[in-house]
Amino acid sequence: MGLQCGIVGLPNVGKSTLFNALTSAGALAANYPFATKDPNLGVITVPDERLRQLELLVNPQRVVPTTVEILDIAGLIKGASKGEGLGNQFLANIREVDAILHVIRCFDNDNVIHVDGSVDPVRDKEIVDTELILKDIETMEKKLERLRKQSKSGDKEILREIELGDKLLTHLADGKTARAFVSDEETAAFVKSCQILTGKPVLYVCNVDEGSIHTGNRHTDKFKAFVAPENAQVLIICAGIEAEITELPEEDREAFFQELGLTEPGTYSITKAAYSLLDLITYFTAGEKEVRAWTVRKGAKAPAAAGVIHSDFERGFIRAEVIHYQDFIHYKSEAAVKAAGKMSTEGKEYVVQDGDIMHFLFNV
């Protein structure tokens, strides 16, 4: 679907190390600002135990998981909104992504310099937010200028946009993100239409030392308390450990997890959270040749889901045969599901549910 999450943060907070762990793409990770000068794009597999369960029951020739694109963006510093450092590039890159993974440094290490000289996760978050808000103010001022020129026609819709735009501009000028402006469907749609930076959904990733991966530390406690009003998800991870895990042979990873008291890599949690942040769900196709996971937007209808496989499927959509995941697991085969009357036939208005196993009939 081409949807992307962008990894953002100040220099030297662990962004590229985390990107490496997520994608094993080998992005440059170095102990100085702007080690990532060009955005690195990686594709990460979304872990889904349901895919494994379907594989065991169907025994296909191959299994294909779904994926999410991750963009590692150059570090931001104060003044980025005015072009300081790599500010212009940072802001251009972040404008293109659909959601933000904001990496926050929550570890003390004298060997890893901090661009502002000390570790303070709340200050770091506010620096990034401030720069993005300043750019959003500039964007909104230009948008309102255009709308006011158009308003001479008396168009009620344009006048309503100006009203909302003025309110949003005041909100931003108070140092608040556009996410905090959203209160209903109308304001959500308006913020999205403005294509502003602080309107994008965000996941905070606190990068900690090895000793803090289970309980966090004073930095994460302070940060969680500060962002609590946002109702945003906060994950704790040690990017260094995650990078080590990716370098281990598959057969050695489980022992490494047990030694650290982990059940799976922390990157799995981030990937699943990123998938959810993009408002995505998964449906499956299951046959002897292939069991495959497909990605659709939450709320997508059957023809749109069919179109993810091929545009002809959507164009010539007739109907979809649908089995709910739990029914397939319970009855253990498509034939048994049909015999139990648990397969449904759905038309164009059917809203796809997460985990649906689908077969499309079409005619072009």
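Which element supplies the largest share of the lining of the largest cavity, and how many residues does that share hold?

Modeller: The element is helix 4, which supplies three residues, the largest share of the lining of the largest cavity. As this is a predicted model, what follows describes computed geometry.

The count comes to one cavity of 30 Å³ or more, and the largest cavity holds about 60 Å³ of space. Its lining is formed by V8, I94, I100, H102, V128, D129, L132, R179, V202 and Y204. Two or more of these residues come from each of strand 5 (99-105), helix 4 (121-150) and strand 6 (202-207). By residue class, the lining of the largest cavity holds seven nonpolar residues, one polar residue and two charged ones.

The open pockets come next. For the largest pocket the volume is about 810 Å³. Its lining has 21 residues, and D98, K192, G199, K200 and P201 are the ones nearest the centre. At least two lining residues come from each of helix 3 (87-96) and helix 6 (185-194). Helix 6 provides the largest share, five residues. In this lining, ten residues are nonpolar, three are polar and eight are charged.

The second largest pocket has a volume of about 600 Å³. It is lined by 25 residues, and T45, V46, P47, D48 and Y268 lie nearest its centre. Helix 1, strand 2 (40-45), helix 2 (49-58), helix 8 (239-247), helix 9 (250-260) and helix 10 (266-277) each give two or more residues to this lining. The greatest contribution, four residues, is that of helix 2. The classes here are eleven nonpolar, six polar and eight charged residues.

T23 belongs to helix 1, which spans residues 15-23. Its relative accessibility is 16%, and T23 therefore counts as buried, the cut-off being under 20%. A polar atom of the T23 side chain lies 2.8 Å from the backbone oxygen of F19. Beyond its neighbours within four places in sequence, T23 is in contact with G42, V43 and I44.

Conventions
Residues numbered from 1 in each chain as written. Predicted model: local features only at pLDDT ≥ 70, side-chain atom pairs only at ≥ 80, totals over all residues. Heavy atoms only, no water. Buried < 20%, exposed > 50% of the residue type's maximum accessible area, 1.4 Å probe, protein only. Polar contact = N/O pair within 3.5 Å; in protein donor to acceptor, adjacent residues only side chain to side chain. Contact = heavy atoms within 4.5 Å. 1 Å grid on protein atoms, 1.4 Å probe; cavity = no way out; pocket = protein on both sides within 12 Å on 5 of 7 lines; lining within 4 Å. Points joined across faces, edges and corners; volume = space filled by probe spheres on them. Nonpolar A, V, L, I, M, F, W, Y, C, P; charged D, E, K, R; others polar.
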